[in-house]
Amino acid sequence: MSNAAMCTITAPGTAEASDADGTTAAPRRRRVLPVARRTAWLLNALFWSAFAVLEAVNHGWLAGLLAVAFFIAPDLTFLVGIGEARGMAKGRLQPRAVPYYNTAHRALVPLALMTLYAFGPVTWAPAFAALCGWLAHISYDRAFGYGLRTKEGFQRD
């Protein structure tokens, strides 16, 4: 396939830099994808936040309390191994806490539970509100650039 047949998407108003052989420089086209991805996560976060508030308004204070609790809960995984965190690099998570952190910050977990809720026998609205809060937390983290961790405890690229 020739270079002319390949198409790239770049941000409006940016000129594509060309190498000596006429191909476009990779760093310019890679900037658009993270911005679009983070914007999508932010929209997702706003949706789940609004849904959690709607559930709290419709189903009472317990639904709101659980939504807030599950919004905060994924970051409580930082407490695993906190006593051993002394002397670690800034922004690094204790390696013992990484599996708990990564599990609590995977969107597939609350989405799977939400699917079970939708098709299962449980119809307790505060549980759904809690899952909305959990998904909002994960979405805000991704929108602001906080993703999963490596097994050493550093942010993944």
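Okay, hi everyone. Some ground rules before we look at the picture. Because this is a predicted model, local features need pLDDT of at least 70 and side-chain atom pairs count only at pLDDT 80 or more, while totals for chains, interfaces and linings use all residues. Residues are numbered from 1 along each chain as its sequence is written, and side-chain values use heavy atoms, leaving out hydrogens and water.

So, what is the protein built from? There are six helices and zero strands, and reading along the sequence gives α-α-α-α-α-α. Of the 157 residues, 29% are buried. Buried is under 20% relative accessible area, exposed is over 50%, and partly exposed is in between, using a 1.4 Å probe and protein chains only. Contact, for us, means heavy atoms within 4.5 Å. Among contacts with a separation of 6 or more, 62% join residues 24 or more positions apart.

Now find helix H6, residues 125–143. Two packed helices are described by the angle between their axes and the distance between the axes. Our axes are lines fitted to C-alpha atoms, for helices over the stretch in contact, and angles run from 0 to 180 degrees between N-to-C directions.

Take H2 first, residues 32–59: H2 packs on H6 at about 155°, with the axes 8 Å apart. That makes the pair roughly antiparallel. The cut-offs are under 35 degrees for roughly parallel, over 145 for roughly antiparallel, 65 to 115 for roughly perpendicular, and oblique for the rest. By class, this contact has 15 nonpolar, five polar and three charged residues. Nonpolar here covers Ala, Val, Leu, Ile, Met, Phe, Trp, Tyr, Cys and Pro; charged is Asp, Glu, Lys and Arg; polar is the others, Gly among them.

Next, H5, residues 108–119: the axes of H5 and H6 come within 9 Å and cross at roughly 160°. How many residues of each class make up the contact of H5 with H6? They divide into 14 nonpolar, no polar and no charged.

In soluble globular proteins, nonpolar side chains tend to be buried together. A nonpolar core is a set of buried Ala, Val, Leu, Ile, Met, Phe, Trp, Tyr and Cys residues joined through side-chain atoms within 4.5 Å. The largest one here has 17 residues, and Trp-48, Met-114, Phe-128, Cys-132 and Leu-135 touch the most other members. H2, H3 (61–72), H5 and H6 each supply at least two residues, and H6 gives the most, with nine. Click on Leu-135: setting aside residues up to four places away in sequence, Leu-135 touches Trp-48, Ala-107, Pro-110, Leu-111 and Met-114.

Last stop, two single residues. Asn-102 sits in helix H4, residues 98–104. Is Asn-102 buried or exposed? Asn-102 is buried, because its relative accessible area is 7%. Beyond four places in sequence, Asn-102 touches Leu-148, Arg-149 and Arg-156. Tyr-146, in the segment after H6, counts as partly exposed because its relative accessibility is 47%. With neighbours within four places left aside, Tyr-146 is in contact with Asp-141 and Gln-155.

Thanks, that's me done!

Methods: Helices (H or I, at least four residues) and strands (E, at least two) are DSSP runs, numbered from the N terminus.
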